Amino acid sequence: MDFRVAWRESLAVYLLLLADPGRVIRFAGAPALVLTVLGVAQMTGLQGSTGNLLLLLSLLGTIWSVGVWTVRWARFLLLGEDQVQFWDMPFEGRIWRTGGIVLALILGSLLAAIIPASLVMALLTGLVGGLPKGGPAVDAPALAAMLPDWFHLLAILVCLLMMLWPVARLAPGIGAVVQDQPMALGGSWKATARLGGLPACLALLLVSVPLQIPSVLLVFGSLASGNVLLLLVTNLVMSLTQPLVVAASALLWARIYGVAIGPYIKPRPVRTDDEAE
């Protein structure tokens, strides 16, 4: 994959989603409603054991929802499965495995990007002259205020790329997991190796970040104002954008898997959950 292919693949993902809005609604389905209800419940600010239980349910609900959406879209593209109904709530093993792997990749990449991103930001701060020579020590808020606006945008972009790069390199291997095969980490890393994996990272950036801009803006606005109604609107908007972000990402990974990974790996005998029992 080169940068031209990355642009083309990201455009193909958007066109596929726009081709059938009804399918998008069906595939989002009940998991989107479950996350909406859990999000509204968290707004009540429950404390103690009830609050901890709600956090646990939210975590499990996120893993399950991400798994459902990823499996549905990946299997639709790879296997042609399109019999999903809005109220379907599957709980088979591949759902939990897929959701857990996706969230583990995202959280692991976030943690792994903290140190290198901090080093890059410190280097850039020195280059733009953020710290005056011979001056007193400056705390972080004051230093941030001294830096130009373009530096803040550059910092966000650098941190975002460092977090997305490992995900873009490894996540296409999920195409094997949704077909009850072992995660194709090696095949995914090799398939996205061209130009250091930057085209794959660009493609993931194009299909995931634009869809999250409305939610991010609403989150910052609601936190700044403390308006309960705005918080409710933010939760409702996120219930719409989250399935879209997962769908677009899953379609991109499935396209990469179907072209550059799946044809070159030998599938193992499929062991279904019923056979395992």
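Helices are DSSP runs of H or I, at least four residues, numbered from the N terminus. This is a predicted model: local features need pLDDT of at least 70, side-chain atom pairs count only at pLDDT 80 or more, and totals for chains, interfaces and linings use all residues. Residues are numbered from 1 along each chain as its sequence is written, and side-chain values use heavy atoms, without hydrogens or water.

**Largest pocket**

- A pocket is an open set of points on a 1 Å grid over the protein atoms alone, where a 1.4 Å probe fits, with protein on both sides within 12 Å along at least five of seven lines; lining residues have an atom within 4 Å of a point.
- The largest pocket is lined by 48 residues.
- Ile106, Gln212, Met238, Gln242 and Val245 lie nearest its centre.
- Helix 9 gives the largest share of this lining, 13 residues.
- Helix 2 (21–42), helix 3 (48–79) and helix 4 (93–127) are among the helices that each supply at least two lining residues.

**Salt bridges**

- The count is 8 salt bridges, each a side-chain nitrogen of Lys or Arg within 4 Å of a carboxyl oxygen of Asp or Glu.
- Asp82 pairs with Arg26, the closest N and O atoms being 2.9 Å apart.
- Asp82 lies in the loop between helix 3 and helix 4 and Arg26 in helix 2, so this pair ties together parts 56 residues apart in sequence.
- Arg97 and Asp180 meet at 3.4 Å, N to O.
- Arg97 is in helix 4 and Asp180 in the loop between helix 7 (174–177) and helix 8 (185–191), so the pair ties together parts 83 residues apart in sequence.
- Shared partners join Asp20, Arg23, Arg26 and Asp82 into one network.
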